[in-house]
Amino acid sequence: MEKKSRRYAAGVLCIFCVFCMAACSKETGGQGTPTPAPTHTTELTPTSVPTQGGTLTPTPVKKPTGTPVPTPATGNLAELVTGTAWELGNLQGNLLSEGWLCESDGELYYSDYNNEGFLCRAKPDGTGKQVLSEEIPSNIQVMGDWVYYSAYDGTINRIKRIRKDGGEAEVIGGDAVAYMLVTEDWIFYNAGDYIAKMRPDGSERTVLCEMQENAGGVEYAWLSIYGDCLFCEDVLGGQKLYAVKTDGSGQHLVEQDVIYPVVHGDSLYYLKRSGGVQVFSFPTGEGKFMKGMEMSRSVFYNGKLYFNHAKGIFCIGEDGKEEQIHSYIPEKRSDVDLLWAACGRIYFVNYADKDAAELTLQYFELETGKTGIVR
């Protein structure tokens with residue numbers, strides 16, 4: 001097989017977790033040398049997906065019709081958000097690593113590095129593999145009997161779904177999509193300069209907000225959810241944090257100078273470019289500063305935060321102690337690994353191993369320390 005071209009994804013939230021891990025009960029670790037916050041831009045794609053040697057055409061954005069809502073008023077998170085955490089089709093940390101891997105009922109649904117990047121289903125170690133679709137997916141999420149994902153169709157990235165057994169594949173809706181969140185009743189998605197929702201079958205499409213055009217332009221990045229609010233960042237309009245109501249009743253400017261907003265458990269984490277990592281607890285309504293640092297990737301899982309560093313994979317638990325759980329070969333240091341958590345394992349891709357015949361999806365088994373490659 002021909003070696004697949006390197007892939008780069010937008011940086012994922014840098015988080016240092018010392019005292020507040022109890023707030024992150026469902027997904028959950030780093031310490032290192034503080035560095036300036038990275039800059040980034042989000043492309044509407046095609047999103048970073050496995051490629052086989054070609055350059056994909058950038059995805060155009062289909063704008064909704066209607067009158068844009070007024071410029072959002074400033075809002076306070078403690079007053080804005082009501083409700084509790086949602087049941088989602090994947091960990092939000094996994095989705096911010098482009099959502100190329102998802103766990104459901106003890107099985108993996110993933111973009112297979114050893115099979116042209118196709119959508120596959122397998123056991124956690126890669127055995128029993130079944131190709132569900134010969135498409136290159138991102139935003140993989142599972143809800144009920146369906147696997148949801150986005151894929152490039154030659155024109156735009158569309159939302160699609162397929163049965164867990166590979167049957168009844170269908171396109172859902174006609175919008176371009178950058179990020180999406182799948183719940184039991186709704187799919188919320190980000191199409192760049194607007195955010196919308198629709199039913200899992202594609203019906204009842206509703207544009208929740210469309211940003212007013214300004215001199216710097218508008219482009220939404222990321223998408224997280226808690227209670228009755230979606231959280232996103234405007235990367236072109238000065239990197240502002242917005243809260244958008246899930247019923248479309250309004251959008252609110254929450255914070256300036258913010259990148260990487262993401263919900264873990266009952267807290268919202270984000271990076272203030274001028275002030276390090278911040279965390280806001282929804283149950284208590286309190287915000288706290290958390291020491292800034294640089295991590296390539298990170299994901300919360302089973303009460304710990306796992307993150308990638310130049311020397312390997314580390315984690316931090318509720319006691320605040322840092323532990324290195326996996327080491328990279330010194331002469332083959334990690335470049336821009338993507339990191340996911342599922343099935344009691346941390347999955348990653350080491351782009352720095354230039355001697356490899358092809359890129360491979362690797363894993364570290366948390367309980368036993370066993371390492372392997374998903375074949």
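Biologist: In what sense do S10 and strand S11 (residues 187-190) pair, and over how many bridges?

Modeller: Two strands pair if DSSP finds at least two bridges between them. Here S10 and S11 pair in the antiparallel sense over four bridges. Strands are DSSP runs of E, at least two residues, numbered from the N terminus. This is a predicted model, in which local features need pLDDT of at least 70, side-chain atom pairs count only at pLDDT 80 or more, and totals for chains, interfaces and linings use all residues. Residues are numbered from 1 along each chain as its sequence is written, and side-chain values use heavy atoms, with hydrogens and water left out.

Biologist: How many residues lie between S10 and S11 in their hairpin, and which residue stands opposite Met180?

Modeller: Four residues lie between the two strands of the hairpin. Tyr189 in S11 stands opposite Met180.

Biologist: Which strands are the edge strands of the sheet?

Modeller: The sheet is open, with four strands in the order S10-S11-S12-S13 and antiparallel pairing. Its edge strands are S10 (179-182) and S13 (206-210), each pairing on one side only.

Biologist: Are the residues on the two faces of S10 buried or exposed?

Modeller: Buried means under 20% relative accessible area, exposed over 50%, and partly exposed in between, with a 1.4 Å probe and protein chains only. Tyr179 and Leu181 on one side of S10, and Met180 and Val182 on the other, are all buried, so both faces are covered.

Biologist: Where is Ser104 found, and what is in contact with Ser104?

Modeller: Ser104 is found in strand S2 (residues 101-104). Ser104 counts as buried because its relative accessible area is 12%. Contact means heavy atoms within 4.5 Å. Leaving aside neighbours within four places in sequence, Ser104 is in contact with Tyr109, Val142 and Lys164.
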